[in-house]
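Biologist: Please take a close look at one part of this model for me, and show how it ties in with the rest. Spell out the cut-offs as you go.

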Amino acid sequence: MARRRVDFGHLLVSFILLCAASLPALAQDRGTIIAEICSGDFGAQQSALGQLAAAGMSEDSSDATWARRIVEAFEGRELRCGNGVALITTEDGAVQAASMEPSDVDAETLAPPSVNLRLRATAASAAAILRLFIEEDAANRLSAANYIDRRREAATAPILSAALERENDAEVRAVLSTLRASLLLEDPDPANRIAAVEAIAQDATLRNRTTIAEAMRDESDADVLAAGDAAIASIDRMLQVGKILSTLYSGASYASVLFLAALGLAIIFGLMGVINLAQGELIMVGAYAAWFTQEAIRTALPALLDYYLIIAIPISFMAAALVGLLMEVIVIRRLYDRPLMTLLATWAISLLLINTVRVTIGSQNLEFHQPYYVSGGFPLVGDFIMTSNRLFAIVVAICACVTVVVLLRRSLFGMNIRAVTQNRAMAGAAGIDTRRTDMMAFSLGSGLAGLAGLALSPLYNVNPGMGTGFIVDSFMVVVLGGVGSLIGAALAAIGIGQINVIVEPIYGAVAAKVFVLLLVIVFIQWRPEGLFAPKGRR
Amino acid sequence: MASDTFAERHRLPLLSRIVVATLIALVVAVPLLGGPLAGSAAGLSPYMANIIGQIATFALLALALDLVWGYGGILSLGHGLFFAAGGYLIAMHMLKAGYVFGGVTPDLMTFMGWSELPVHWAFFESFPYALLMIVLVPGLLAFLYGYVSFRSRVSGVYFAIITQALTYVAMLMMFRNDTGFGGNNGMTGFTTLLGQDIGGHAMVVGLASASVLALLVAFIGCSALLRSPFGKLLVAIRDDEARLRFLGYDTLWPKLAAWCLSGILAAIAGALYVPQVGIINPRLLSPELSIEIAVWVALGGRGALSGAVIGAAIISALKFWLTGFVPEAWPFILALVVLVVVTLLPNGLLDLKPQVLWRGRRSGKRGMIE
């Protein structure tokens, strides 16, 4: 996935042009570089290696490949010079260094140019830089970038900027940005250092804050120090914003899962006065259905593996809805006039489901393939990364919410549900098959729990006991939101989700649960019917 | 829900008499067969005595729940909270007494690196103080929660789920080490109770006898209470609370009284249970156990104290027996029992008998108690 951020390379363009007075374009003449590297003069050799490293920036990718060959030959003492010719010895005979054409000159008559320790270090650094431009595999580029971090001899800010512009791997980018920032901060001209500080501060990450703070420790110039303080203050502000956003974001993702689970619960409770204690296990059924879909696709259509989460949306829904339908037909419909008994019955069903899965599949956590659209994320402000797996949960919840609203408001089935919820006897008298409506609604509610299971599969551990923790929170959502109210359920889910993530880092997960529970008990004192109870209910 | 057959069943003391007679027999037999006659052919091994004692505490717990569910129509899915409260309090007494008088350092002090026990352990070395706490703390807990719930007329499914949530939260809190109750490991390593060796033969038989006696006293006491005008009021509240309010009754206090009594009985059951098993940890607070209590009552039959006692005895005996050799099958059996009971036997096992006894008197499903 291309990770496009507002690139600090772009912000730096003017600055780079300013400080890179001697922009090291690849010498048009490869021969000149070869001559310099063969000269035996330390200064000329250093400059030649610098130019070779800069060859990576060339539009023509063959330049980089050639430069890498030369640097590696120089390092490996396979480059031989003398009599105005330069050869690279290979297993199949010598080739001309400048053109890579075969040569009939006897390499044994030529001597390798002198290589001292510093030149060797520069050459290694240059080779790593060229690898950065040539390697296709991100892991290799990452190792090259880390190598340059230790051997900076041939690294310059413009080269790294060029590499950054081409780079799309997050980890490599992170290493390169820091590296370039620290190179810029070592510039002898205070004006350049100030410009560097300001440019770095544009990208407010904790990593950049550390880089600036470290540079300021050795800084003596007052103006630069002032610029550094301002930059750190601005980064801190952005980090603060990012932190708040990231808390809200993870709260929103928890809220979406909660909402999906509670929505089904709310519809069923509003319609039949029944609380389904197996709702958590229906979540588990949905997650397991997603896993089975993944395994089926893995064996049958491996090409589509990345899309299993999308394909599993109807499957998870149907699997949980089917289990719900069976529950309704076999058990729940016999108990409509005894809601307390349905608690025991649905609990027994949850026990059956958990233990059946435990016995047949095992109690280990399932392993899920992470397709590209649920891995990684979009860095927005500060250290706040809008992670894709949470985004997926939110998107599924929003889509489900919209679908359910349309279903309830626009379809005949939805009208039946609303009618039966408001007045069962009258709805029956008006010709609505109330038992059938109950059955369908129970399936719908169960299916929504299945969707919750799918949405949380990239986020949480999936195992037979995963659902048990959800029932309490989901029920709190129903109590807070008001029975059978969509808006209420949505708002309550958001509220409880946010409280959980806000309290959790400060006082721990237990305190968050205690807090929510106490809040709900106090709330019931004030509004026993919930936030948005439909008028005229029962 | 109105219950015509209920009143008749209540006046029909056959089952109650059987239960009382069995309990009296046990109160006499357990100390006798477990004590002087332990070695003889009819003798009771300490293991069997211990199991009888444990089942008696479960039956007492079921009785406590039946009082509020069967008679008051208030289902609690959190009676494990009171049971565990009683258990934790007696465990604190035993550890503290062992520490102060016997010089045995409790594990949790070593584990937490404490040189002294926290403030809330003060005075627990005194047995009367511990007893007082076993009544007061769960009673107060029940009062607080009952008051806020009944006052705002939270009932039925709402009430049940919130009790479950409370128990769940209590479990999470007890799992933490810093609350000072032993955290995940709970409390164990009890040495003495009332100066007697906890593992000794006399103590095991004594505790079992005390449990059966407590059950008998609670059974007779609750039966008497339910025959009194208070019991009638409670049943009336269950059947039509709104009507009772219109008639000018304040329904808050009778409900609250029954709820607190139930909580205290459950705590006493817990206090008798923990010395017999020798350990308490937060798993006693898991929602599963609390729901299992409701299953005992539902199986035995709500609305008859004898039903609750019989249900608890049958299921826990079955559990002791089955988990011995097929532990993984137990959840399936329990779940199937529940499903069969709720779908086919609305009043639990009591349905089997009354169908023979009262054939023709039942009208449809009106005999069911919610």
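Modeller: Domain bounds here come from an automatic or database domain assignment. On that basis chain A splits into domain 1 (8-238) and domain 2 (244-526). Before going on, a caveat: this is a predicted model, where local features need pLDDT of at least 70 and side-chain atom pairs count only at pLDDT 80 or more, while totals for chains, interfaces and linings use all residues. As for labels, residues are numbered from 1 along each chain as its sequence is written, and chains are lettered from A and ligands numbered from 1 in the order in which they are written.

Taken over C-alpha atoms, the centres of domain 1 of chain A and domain 2 of chain A are 53 Å apart. Their contact (C-beta atoms, placed from the backbone, within 7 Å) takes 5 residues from domain 1 of chain A and 4 residues from domain 2 of chain A. On the domain 1 side of chain A, that's 4 nonpolar, 1 polar and no charged, where nonpolar means Ala, Val, Leu, Ile, Met, Phe, Trp, Tyr, Cys or Pro, charged means Asp, Glu, Lys or Arg, and the others, Gly among them, are polar.

Now zoom in on A:Gln279, which lies in helix 13 (residues 279-300) of chain A; helices (H or I, at least four residues) and strands (E, at least two) are DSSP runs numbered from the N terminus. A:Gln279 counts as buried because it has 28 C-beta neighbours inside 10 Å. The scale, with C-beta atoms placed from the backbone, is buried at 20 or more other C-beta atoms within 10 Å, exposed at 12 or fewer, and partly exposed in between. Skipping neighbours within four places in sequence, A:Gln279 touches A:Ala261, A:Gly264, A:Leu265, A:Ala449, A:Ile471 and A:Ser474. A:Val396, on the other hand, is 117 residues along the chain from A:Gln279, with 18 Å between the two C-alpha atoms.

What about the packing around all this?

Back in chain A, strand 1 (residues 79-82) and strand 2 (residues 85-90) run antiparallel, joined by 4 bridges; strands pair if DSSP finds at least two bridges between them. A:Gly82 has A:Val85 of strand 2 of chain A as its bridge partner. The two strands of chain A make a hairpin with 2 residues between them, and A:Asn83 in the turn has a positive phi of about 55 degrees.

Conventions: Two residues are in contact if their C-beta atoms, placed from the backbone, lie within 7 Å.
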